[in-house]
Amino acid sequence: MQDQNSREYLHASGVQKATIIGGGVIGASWAALFLAHGVAVIINDPDPDIADKVKVLIDGAVPALSELGCCTDGMMEKLSFEQDLTKAVAGVDLVQECGPERIDFKKDLWRRIEAASANNTLFLSSSSSIPASAQSGSMQQPERLVIGHPFNPPHLMPLVEVVPVAKSDRTMIARVMDFYRGVGKVPLELKKEIPGFVANRLQAAIFRECMYLVREGIVSIRDLDDIVTNSLGIRWASNGPFLSFHLGGGSGGMAHFVEHLGKGGMEQLWATFESVSFDFRTSRLLIDQAQQFYGDHSIVELAENRDRKQVAILKALDDVSSVDGA
Ligand SMILES: NC(=O)c1ccc[n+]([C@@H]2O[C@H](COP(=O)([O-])OP(=O)(O)OC[C@H]3O[C@@H](n4cnc5c(N)ncnc54)[C@H](O)[C@@H]3O)[C@@H](O)[C@H]2O)c1
């Protein structure tokens, strides 16, 4: 994970010191990843217990990062906490925002960050759904803000969606891409802004149907999870939806898939889809079943188990790619 290439990318990005705004689920995971690649991290979060909470989350991430080849010895020495925003962002090379998912909060935050930062500091928002142009309205130079959207947990999931705005400076975007490559990620630049970006739009579309199937009593949440991990999860970890259906078309490839299974099957299924919402009854069902099927284990235990499985998948895929390059 931390090879000569990633060190060169990190060097090219010029990032040695980063501030993370918000040390929750995403902020702490980013912090673990950055620290494991030698980047000094300052965390800005008003929670008085934030240092203890972040340390627990980072401790949980360390085994997976070590397993993936990162040098985690002594990495906590480069971690510090600063509650004063102005002091927290002064003199750092990059700000990765991971605060509450509210437009009003993010707009005000970026105005204050810009006022306190150096001219060449990279500004990245982890937001799952709010495009940069919706967050940057109070900035002097709104084009400085870019989305750097990770998939949870950022210390393991390779993808980072980088979403510039129309006026983003290309040299700055190149530094952003270098930085994420430098910390072992696979950054993918989107061509246009769209709420939710790509991975979360896909996730939301699928989750809508997951909720429908549970709400209608077709399956429990446990059965649905097992169906996905034993089919789509494995399929999509190796080939994306388009390549999968190109193969699903047999020797006729995508053309045969479109005629045979697309027009003939998928279009008819689309006509049966219904909408859902997080109404009281459906929400209760999800929460009660999560407790019923997963409540015997703590979130920390479940996250450690998830990390072990995901590391195994990443390592297995790495071995195969090194053979066939695909
Ligand atoms: N959880 C996910 O799966 C996920 C995935 C990708 C992106 N994101 C995005 O990452 C961001 C953070 O999400 P999360 O799940 O880590 O949230 P979280 O609730 O776990 O953490 C948010 C943190 O922000 C802190 N905070 C509150 N007010 C603050 C302030 N004024 N200044 C600094 N910090 C403040 C809180 O104390 C908390 O520690 C959101 O924008 C979210 O959309 C989340």
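1. The domain assignment, automatic or from a database, divides the protein into domain 1 (4-189) and domain 2 (199-295). The centres of domain 1 and domain 2, taken over C-alpha atoms, are separated by 32 Å. This is a predicted model, in which local features need pLDDT of at least 70, side-chain atom pairs count only at pLDDT 80 or more, and totals for chains, interfaces and linings use all residues. Residues are numbered from 1 along each chain as its sequence is written, and side-chain values use heavy atoms, with hydrogens and water left out.

2. Two strands pair if DSSP finds at least two bridges between them.

3. Strand β7 (residues 159-163) and β8 run parallel and are joined by four bridges. Leu159 has Val186 in β8 as its bridge partner.

4. Helix α1 (residues 4-13) and helix α7 (residues 170-182) (helices are DSSP runs of H or I, at least four residues) have axes that come within 7 Å and cross at roughly 145°. Axes are lines fitted to C-alpha atoms, for helices over the stretch in contact, and angles run from 0 to 180 degrees between N-to-C directions. In contact (heavy atoms within 4.5 Å), Ser6, Tyr9, Leu10, Ala12 and Ser13 in α1 meet Arg175, Asp178, Phe179, Arg181 and Gly182 in α7.

Conventions:
Helix = DSSP H or I, 4+ residues; strand = E, 2+ residues; numbered from the N terminus.
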